[in-house]
Amino acid sequence: MAHNLLKGKKGIIFGALDEKSIAWRTALRCVEEGAEIVLTNAPIALRMGEINKLAETCKAPVIPADVTNMDDLANLFNKSMEHFGGKIDFVLHSVAMGMNIRKGRSYTDLDYDFNHKTFDISAMSLHRVLQTAYKLDALNEWASVIALSYIAAQRVFPDYGEMADAKALLESIARSFGYHYGTAKKVRVNTISQSPVKTTAGGGVKGFDGFMTYADAMSPLGNATADECANYAVAMFSDLTKMVTMQNLFHDGGFSFTGVSKPVIDQMEK
Ligand SMILES: NC(=O)c1ccc[n+]([C@@H]2O[C@H](COP(=O)([O-])OP(=O)(O)OC[C@H]3O[C@@H](n4cnc5c(N)ncnc54)[C@H](O)[C@@H]3O)[C@@H](O)[C@H]2O)c1
């Protein structure tokens, strides 16, 4: 059900790869709530062509940008402001790539070229996006920027590998830039720490299905879905959450604060 929570707002959505993507689900919800959006992804991801379906439904232009390329990012923000005829009210950073995980390398056997790339795509890119917007003065006052994180930033999940370190850096950048953007322009920056969801990025982690079942059993409300994450992002982009900034917001059905649950104990006693 739509509530016009984003009526008149304009946003950029990074990271819609296919219909399972958290960014894809969020793009649909933002438009349902009255927003106008620009979609962006890496040129190589755009070649799959899937995003054109979403662009048609959302009546949104697609502007390519590799998040590790500053020229691409400047072009994206400039073209988006041209398209909207003004500044931007929200940004979703829904981008990650674990290079070592992809190449099957464990945390104790990292390739550091891959490791650099992982940090650049998955964490530094948030700084790159924010710094580009800041220098171009591309965001309206009270604009809201959200990046997606995972609880491996705080607690150990062995197969999440180097991505745990990337998420810790991502959350730190949200806090640090959130301070500077808040004081300068009243722009807010937060991360949403989401339950596991079977997407291209999520499904790449070893033992993902078993882990998803475990997380569901550990969470008093069960795992949060991508559509539920989209709803939370809409709330965070809306004016109803204006004073929330520099936070890592758990959206995980209670997983993060549960020591153990009855279903998990029952399973252990079998
Ligand atoms: N799926 C999960 O279980 C889960 C849980 C918590 C957090 N997250 C986070 O949610 C975000 C979105 O992931 P998803 O699960 O929707 O998977 P996804 O694979 O659908 O999305 C990842 C996106 O990152 C994009 N990307 C990769 N390299 C890029 C680059 N150089 N430039 C621009 N874009 C690039 C991909 O093209 C893709 O669209 C990620 O930050 C992920 O870590 C996912």
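**Figure 1. Residues around the ligand in the predicted model.** The shell around the ligand holds 26 residues, of which Leu17, Ser21, Thr199, Ala201 and Gly202 come nearest; a residue is near a molecule if its C-beta atom, placed from the backbone, lies within 6 Å of it. This is a predicted model, in which local features need pLDDT of at least 70 and side-chain atom pairs count only at pLDDT 80 or more, while totals for chains, interfaces and linings use all residues. Residues are numbered from 1 along each chain as its sequence is written. At least two residues of the shell are supplied by each of α1 (22-32), β4 (139-149) and α8 (200-203), and the largest share, three residues, comes from α8. Helices (H or I, at least four residues) and strands (E, at least two) are DSSP runs, numbered from the N terminus. By class, the shell has 15 nonpolar, 10 polar and one charged residues, where Ala, Val, Leu, Ile, Met, Phe, Trp, Tyr, Cys and Pro count as nonpolar, Asp, Glu, Lys and Arg as charged, and the others, Gly among them, as polar.

**Figure 2. Helix α1 and its packing against α3.** Helix α1 and helix α3 (residues 51-58) pack at an angle of about 10°, with their axes 10 Å apart; axes are lines fitted to C-alpha atoms, for helices over the stretch in contact, and angles run from 0 to 180 degrees between N-to-C directions. The two helices α1 and α3 are therefore roughly parallel to each other, a term for angles under 35 degrees. Trp24, Ala27, Leu28 and Val31 of α1 make the contact with Leu54, Thr57 and Cys58 of α3, two residues being in contact if their C-beta atoms, placed from the backbone, lie within 7 Å. The residues of this contact divide into six nonpolar, one polar and no charged. An α-helix has 3.6 residues a turn, so residues three or four places apart point the same way. Helix α1 is mostly covered, with nine of its 11 residues buried, among them Trp24, Ala27 and Val31. A residue is buried if 20 or more other C-beta atoms lie within 10 Å of its own, exposed if 12 or fewer, and partly exposed in between, with C-beta atoms placed from the backbone. Just after α1, glycine 34 takes a positive phi of about 100°.

**Figure 3. Two loop residues with positive phi.** Aspartate 137 lies in the loop between α6 (112-136) and β4, and its phi is near 50°, a positive value in a residue other than glycine. Because 12 other C-beta atoms lie within 10 Å, aspartate 137 is exposed. Methionine 246 is found in the loop between α10 (226-237) and β6 (248-251); although methionine 246 is not a glycine, it has a positive phi of about 65°. With 17 other C-beta atoms within 10 Å, methionine 246 is partly exposed.

Figure 4. Aspartate 209 has its place in helix α9 (residues 208-218), and it counts as exposed because it has 10 C-beta neighbours inside 10 Å. Its C-alpha atom is separated by 33 Å from that of isoleucine 37, 172 residues apart along the chain. The secondary structure of the protein chain comes to 11 helices and six strands, and buried residues make up 44% of its 270 residues. Along the principal axes, the C-alpha atoms of the protein chain fill a box of roughly 60 × 45 × 40 Å.

How values were computed. Angles under 35 degrees count as roughly parallel, over 145 as roughly antiparallel, 65 to 115 as roughly perpendicular and the rest as oblique.
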